[in-house]
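Please look through the sequence and the structure shown here before reading the report that follows.

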Amino acid sequence: MIYKKKSDESTSSLELRRLAPNFVTMVAICIGLLAIKISFEGKYIEAAGLVVLAAFLDAIDGRLARFLNSTSKFGAQLDSLADFTNFGVTPGFVVYNWINSSADIKAFDWALVLLFTLCAAIRLARFNVELEEEGKSNPILEKYFFKGIAAPCGAGIAMLPIIITHEFGYGFYSTPMYTVIYVAIIALLMSSKVPTLSIKKIPVKNEYIYPTLVFLGALIIGLMTELWITLTFVGVTYISSIPVTIFFYLKINATKNKKS
């Protein structure tokens with residue numbers, strides 16, 4: 001009887017543990033909504049930081065689910081809805097409030113909120129459909145790249161004008177119309193099929209393992225000591241990588257066509 005009781009307790013604990021990824025996803029949703037709330041209170045840099053934090057949690061919950069062997073259709077749907085909230089709705093409202101704190105640009109600010117939300121919805125819907133139709137899309141694009149800017153990345157780099165202004169003061173990147181144009185381009189790239197960088201798909205040769213670890217260690221140190229400068233560096237590097245990924249995609253595609 002004692003052995004059976006321990007077994008029952010272990011099973012109960014295991015089931016509770018498997019809820020951890022869904023819990024992380026729900027925390028991320030709350031963080032995204034909190035970012036909207038505090039942006040209405042004028043805490044723009046804090047709101048931008050919460051958007052970045054939500055993106056970090058988005059990277060964790062899926063890996064945690066696979067680690068705990070607790071992936072499910074419910075978890076996938078919850079994660080998709082969280083992505084739409086955090087990376088489709090929240091960034092638009094944060095930027096909207098930040099723009100309106102310094103200028104009135106008529107309807108462009110609200111149009112930006114609508115555009116960003118719609119583009120994120122299109123991207124996430126397309127992503128979900130392609131998961132169910134695996135193998136029917138471009139194999140080169142799927143193997144090495146993301147199709148369009150990933151929603152968490154798009155939300156993060158949409159915060160760059162706020163982050164850069166906070167760290168370096170006002171400049172051209174702080175002007176309302178520049179912000180609208182910049183964030184609108186990010187939104188359109190999210191819903192596009194432009195090949196973009198996928199970190200998890202980058203092959204690292206054995207001789208580059210240690211330099212890669214040193215670089216990642218330096219990045220972690222930077223996030224701990226100079227958070228906003230490091231996030232600016234990461235964001236600018238990602239944006240700069242888009243022309244590079246397009247070049248390599250065209251090159252790989254051309255090589256494959258020649259062989260065939």
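## An enclosed cavity

In this predicted model, a search of the whole structure finds 1 cavity of 30 Å³ or more, and the volume of the largest cavity is about 30 Å³. Its lining is formed by Thr 25, Ala 28, Ala 54, Asp 58, Asp 61, Asp 79, Ala 82, Asp 83, Asn 86 and Phe 87.

Helix 2, helix 3 and helix 4 are the elements that each give two or more residues to this lining, and helix 4 gives the most, with 5 residues. Sorted by class, the lining of the largest cavity holds 4 nonpolar, 2 polar and 4 charged residues.

In soluble globular proteins, nonpolar side chains tend to be buried together. Here the largest nonpolar core has 47 residues, and Met 159 and Ile 162 are those with the most contacts inside it. Two or more residues come from each of helix 2 (20-40), helix 3 (44-67), helix 4 (73-100), helix 5 (108-132), helix 7 (151-158), helix 8 (160-168), helix 9 (176-191) and helix 11 (227-259), with helix 3 giving the most, 9 residues.

When neighbours within four places in sequence are left aside, Ile 162 is in contact with Tyr 44, Ile 45, Ala 48, Val 94 and Trp 98.

## The protein as a whole

The protein contains 11 helices and 2 strands, which run from the N terminus in the order α-α-α-α-α-α-β-α-α-α-β-α-α. Of the contacts with a separation of 6 or more, 83% are between residues 24 or more positions apart.

Buried residues make up 40% of the 260 residues, while the protein exposes about 15,500 Å², of which carbon and sulfur atoms supply 69%.

How values were computed
Residues numbered from 1 in each chain as written. Predicted model: local features only at pLDDT ≥ 70, side-chain atom pairs only at ≥ 80, totals over all residues. Heavy atoms only, no water. Helix = DSSP H or I, 4+ residues; strand = E, 2+ residues; numbered from the N terminus. Buried < 20%, exposed > 50% of the residue type's maximum accessible area, 1.4 Å probe, protein only. Contact = heavy atoms within 4.5 Å. Areas by Shrake-Rupley, 256 points an atom, 1.4 Å probe, with all protein chains shown as cover. Core = buried A, V, L, I, M, F, W, Y, C linked by side-chain atoms within 4.5 Å. 1 Å grid on protein atoms, 1.4 Å probe; cavity = no way out; pocket = protein on both sides within 12 Å on 5 of 7 lines; lining within 4 Å. Points joined across faces, edges and corners; volume = space filled by probe spheres on them. Nonpolar A, V, L, I, M, F, W, Y, C, P; charged D, E, K, R; others polar.
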